[in-house]
Amino acid sequence: MILPGSTIGILGGGQLGRMLAVPARQLGYGVAVLAPSGDAPALGLADHAIRASFDDLDAARQLAQLSDVVTYEFENVPGAAARAVEEHAPLHPNAALLELTQDRNVEHAFLDRLGIPTAPGCAIHSAADLTAAVVRFGLPARIKSARGGYDGGGQLRITDAESLHAAHVKISLSSGAWRFEAEVPFECELSVVVARSASGELVPFAPFENEHLHGVLHLTRWPARASEGALGRALEVARAVAEAGGLVGVMCVELFVEGDDVRVNELAPRVHNSGHLTIEAAATSQFEQHIRAICGLPLGSPALRSGGAAMVNLLGASERRRVRLDGAAEALTLGARVHLYGKDRERPGRKMGHVTAVGSSGDEAVATALSATSSLRLVGA
Ligand code: AMP
């Protein structure tokens, strides 16, 4: 057990790191953060701040030497940095699970081995592979860069001859691998955030229901409105992935749902945007659960404490510095909770904060969260 008073290292300084630092500090842990940019929301909550690139292996070793246990809040941390950390301190989730989820093709091979359904598709490395994949799986489809994609980035939708041509050009010009994925019909998207500790204790949150806009999460609703069969299957899949990956900490499994069937879209070996509403809505937040799991403390109850909860992301609209949030008074008066991540620089589509509401039902919570969000506006100072 890593006793309170010890230090937790975090690779990455974004909002996830910041929201991890809050319960870590509440439990009495020191926090060390390694982040490449000065505009990193977690740095302000860190006892030790290391500003360095993730490719700087000495900086990764320095973080590990300052820490009793290390975690990460961003899945594109280079495998070499993760392994450098592991020379000096335990890293949770482990570097092998991190590396597995960094490559969509490796991730799909892992899910195939477990017999977990995904969208039909294959790895592609050339324009000729793309032509063959279209013949084999049909259109509409997506090509997704195997590595480095995030929030729908590095993806192209192929529906017709014109987009197929654009995909051929993209693949011909790139040196990396891609995944070709047939588009699957779905009624809704779910995510399961599951916690596991080194002792094997495994505690999933009930599934969240997610709506995306332009590939980025817009709204999360809890409880999800899928069939009992799909909800049960989603939990089974999350448990199987956590066991097989030797998870210690929290991870997220994203799924497509059609009737009682689920298919995994992707895995994230970290706390997840869809779990932000657990801060207000659950008996234990995903962030506290992660800290407990990596420190060997008993896991908390994942129960939803009200009839329903909802979260809406606040995305940047323009290029601005020194951002302020207007309308918080109205949002708070409605009973919503407002989170602003403290990013100095706003950019279109950048996650700047979020709004959470709880209510007697999911519908009520969604209505409050949307109405509170409509009163909020990012402005320049
Ligand atoms: P991703 O970055 O892979 O999570 O994709 C972002 C969003 O695009 C997903 O949340 C889905 O809404 C949509 N999407 C991705 N892959 C597929 C697929 N194979 N079939 C249908 N929709 C998809």
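Student: Which residue in E8 stands opposite serine 145?
Tutor: Tryptophan 178 does. This is a predicted model, so take the pairing as computed.

Student: How many bridges join E6 to E8?
Tutor: There are 5 bridges, linking residues 141-145 of E6 with residues 178-182 of E8. The two strands run antiparallel.

Student: What sheet do they belong to, and in what order do the strands come?
Tutor: An open sheet of 4 strands, ordered E5-E8-E6-E7, with antiparallel pairing. At the edges are E5 (121-124) and E7 (155-158), each of which pairs on one side only. From one strand to the next, the twist averages 20°.

Student: Which helices lie across E5, E6, E7 and E8?
Tutor: H6, residues 127-137, lies across those strands and runs at about 175° to E5. H7, residues 161-173, also lies across them, at about 145° to E7.

Student: Which of its residues are buried?
Tutor: Gln15, Leu16, Gly17, Met19, Leu20, Ala21, Pro23 and Ala24 of H1 are buried.

Student: And what covers them?
Tutor: The cover includes strands E1 (7-11), E2 (30-35) and E20 (351-359), along with helices H9 (278-281) and H10 (286-295).

Student: What about glycine 28?
Tutor: Glycine 28 follows H1 and has a positive phi, near 95°.

Definitions and conventions: Residues are numbered from 1 along each chain as its sequence is written. This is a predicted model: local features need pLDDT of at least 70, side-chain atom pairs count only at pLDDT 80 or more; totals for chains, interfaces and linings use all residues. Side-chain values use heavy atoms; hydrogens and water are left out. Two strands pair if DSSP finds at least two bridges between them. Axes are lines fitted to C-alpha atoms, for helices over the stretch in contact, and angles run from 0 to 180 degrees between N-to-C directions. Contact means heavy atoms within 4.5 Å. Buried means under 20% relative accessible area, exposed over 50%, partly exposed in between (1.4 Å probe, protein chains only).
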